[in-house]
Amino acid sequence: MPPPPAPAADATAGHASPAVAAYVEDVALFFERSGMGRMSGRLLGALMVAEPPERSQEELATFLGVSRGSVSQASRMLVDAGIVERRRRRGDRRDYFRVRPEAWTDMIERRVDAIVALRRLAERGIDVVAD
């Protein structure tokens, strides 16, 4: 079976268009500020622009110019967070990664739940002080 086509940009490090490279780094910085590691953010950014949307560990490592170990660690964090899913293709022993279709909805719902919980906690604090 031939390998899948390359991401939206060339799958070799340094050959992404400047716009794609900048986008991947912007995603990395955004998620780093949110408490995620920068490498996890870079991996997520690369998956967000990948076409087709599934990429192997080797393809991601080449695209980002990093080690397979870095991709393994970052992908594990993203899978555990429910943002990325790991998939297998019939007849291929490699794992492929893609952004879960429901990832953004789930992430927003978790943020809203956290804000509601914080508001309730703040209201409780106001009630405790008022008594």
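The structure is a predicted model. It contains five helices and three strands, and along the sequence these elements follow the pattern α-α-β-α-α-β-β-α. Of the 131 residues in the protein, 34% are buried. The protein exposes about 8,200 Å², and carbon and sulfur atoms supply 56% of that area. Among contacts between residues at least 6 apart in sequence, 55% join residues at least 24 apart.

In soluble globular proteins, nonpolar side chains tend to be buried together. The largest nonpolar core of this model has 24 residues, and within it Leu43 and Ile83 touch the most other members.

Leucine 43 illustrates how parts of the chain that are separated in sequence can meet. When its neighbours within four places in sequence are left aside, leucine 43 is in contact with Leu60, Leu64, Val71, Ala74, Ser75 and Leu78.

**The packing of H2 and H4**

How are H2 and H4 oriented relative to each other? The two helices pack at an angle of about 85 degrees, and their axes are 9 Å apart. Because angles of 65 to 115 degrees count as roughly perpendicular, H2 and H4 are therefore roughly perpendicular to each other.

On the H2 side, the residues taking part are Met39, Ser40, Leu43 and Leu44. They meet Ser70, Val71, Ala74, Ser75, Met77 and Leu78 of H4. Sorted by class, this contact comprises seven nonpolar residues, three polar residues and no charged residues.

**Glycine 37**

Glycine 37 is found in the loop between H1 and H2. Is this residue buried, partly exposed or exposed? Its relative accessibility is 39%. Since buried means under 20% and exposed means over 50%, glycine 37 counts as partly exposed.

Glycine 37 also shows how distance along the chain and distance in space are separate matters. Glycine 37 and methionine 77 are 40 residues apart in sequence, and their C-alpha atoms are 9.1 Å apart in space. Methionine 77 is itself one of the H4 residues in the contact with H2.

Conventions:
Residues numbered from 1 in each chain as written. Predicted model: local features only at pLDDT ≥ 70, side-chain atom pairs only at ≥ 80, totals over all residues. Heavy atoms only, no water. Core = buried A, V, L, I, M, F, W, Y, C linked by side-chain atoms within 4.5 Å. Buried < 20%, exposed > 50% of the residue type's maximum accessible area, 1.4 Å probe, protein only. Contact = heavy atoms within 4.5 Å. Axes fitted to C-alpha atoms, helices over the stretch in contact; angles between N-to-C directions. Helix = DSSP H or I, 4+ residues; strand = E, 2+ residues; numbered from the N terminus. Parallel < 35°, antiparallel > 145°, perpendicular 65-115°, else oblique. Nonpolar A, V, L, I, M, F, W, Y, C, P; charged D, E, K, R; others polar. Areas by Shrake-Rupley, 256 points an atom, 1.4 Å probe, with all protein chains shown as cover.
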